[in-house]
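This briefing accompanies the sequence and the structure shown below. Please read its points with both in view.

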Amino acid sequence: MAEGQGTGDPGGIDGPPGAMLGALRAILRPLVRLLLERRVTSPIFAAVLKETMVEVVRARLALAGRRLTDSRVSLLTGIHRKELRRQRVEPAVQRRLSSGASLGALVVSRWTHDRRFVSESGQPLALPRVASDEGGPSFEELVLSTSRDTTVRSVLDEWIRQGIVELDASDRVHLKVESFVPAEGEEDKLYFFGRNLRDHVAAGVHNLLEDGPPLFDRSVFYDRLSRESAEELRRLSSEVGARALRELGQRALELQRRDAERGDGHATHRMTFGAYYYAEPEGADGLGEAPRGAGRDVRPAGEETESNDG
């Protein structure tokens, strides 16, 4: 890890390049909107940023076998040694992600990815509420296969209340949404917001720093579209994205089970694959980076970039 400290002047010879600062502003703009809406002020954000910088530097120094002195950390982060000492004695800003996804998210994931609970076309099955003597998958089995720390009835009642599932006249449970998006409460939403955005940014950083073979990180964008065209593309992106996630999720579950059966201690990796769609009036974010009329399939650093006329 290279050591050095800039002058603090973005335009100075030692400062970060303008393109780096431009990318940082682009990333922060939607995040700052969320911070303002949730009353996260500049001092709170600054405290979290400083603590995170120190965490990352200390972890990288430890991996490299370097001495974890305040002077070295201060040199790399620009944070004064007095601030580093204060961080050690005062309670840290609450900054950890939730320890994991909620039970609801785990159950829905199994319902949409486990081949026992999906049709041949990959759609989640309508499940009998309780197991029958004839066997076969049931909602009861689905919940208990994920966790035995709650009752099946409590999960079912809450999901019916939130509109996630519905019961038909044959006492079968139908999933009404393929992805778990909590209708109430923000904790689950923030968990996935942090997890997904973290991994997307990490993939981009991996490619920029050339830490290994490029990771898949591509997007398609077009301008000069009508509101109706943007809405059609939104619907199409939902269909294509759900299909891709379902196929990848089913294969990931099969591989996870295979690796667990091997029992050789090599199942130590995790993965994330995501798809997203966003649209807004042109110029709304003030970036103005894409030439008008351009349509692009953007690939990560290290791959050829294609460009098409709109």
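A residue is called buried when its relative accessible area is under 20%, exposed when that value is over 50%, and partly exposed in between. Because the relative accessible area of Arg234 is 36%, this residue falls in the partly exposed class. The model is a predicted one, and its protein chain has 310 residues, of which 21% count as buried.

**Overall make-up**

- The protein chain holds nine helices together with six strands.
- About 21800 Å² of the protein chain is accessible surface, and carbon and sulfur atoms account for 53% of that area.
- When the contacts of the protein chain between residues at least 6 apart in sequence are considered, 58% of them join residues that are at least 24 apart.

- Three strands make up an open sheet, in which the order is 1-3-2 and the pairing is antiparallel; strand 1 (127-128) and strand 2 (165-167) are the edge strands, each of them pairing on one side only.
- Strand 3, which covers residues 172-175, runs antiparallel to strand 2 and is joined to it by three bridges, and Glu166 has His174 in strand 3 as its bridge partner.
- Helix 5 (residues 103-113) lies across strand 1, strand 2 and strand 3, and its direction is at about 95 degrees to strand 3.
- Helix 7, made of residues 152-162, also packs on the sheet, where it touches strand 2 and strand 3, and its direction makes about 105 degrees with that of strand 2.

**His113 in helix 5**

- His113 is found in helix 5, and it counts as buried because its relative accessibility is 19%, which falls under the cut-off of 20%.
- Apart from its neighbours within four places in sequence, His113 is in contact with Val118, Leu245, Arg246, Gly249, Gln250 and Leu253.

- Although Arg234 and Tyr277 are 43 residues apart in sequence, their C-alpha atoms are 6.7 Å apart in space.

**Two arginines with positive phi**

- Arg39 is a residue other than glycine with a positive phi, the value being near 60 degrees, and its place is in the loop that lies between helix 1 (18-37) and helix 2 (42-63).
- Arg39 counts as exposed because its relative accessible area is 69%, a value in the class over 50%.

How values were computed: Residues numbered from 1 in each chain as written. Predicted model: local features only at pLDDT ≥ 70, side-chain atom pairs only at ≥ 80, totals over all residues. Heavy atoms only, no water. Pairing = 2+ DSSP bridges. Helix = DSSP H or I, 4+ residues; strand = E, 2+ residues; numbered from the N terminus. Contact = heavy atoms within 4.5 Å. Axes fitted to C-alpha atoms, helices over the stretch in contact; angles between N-to-C directions. Buried < 20%, exposed > 50% of the residue type's maximum accessible area, 1.4 Å probe, protein only. Areas by Shrake-Rupley, 256 points an atom, 1.4 Å probe, with all protein chains shown as cover.
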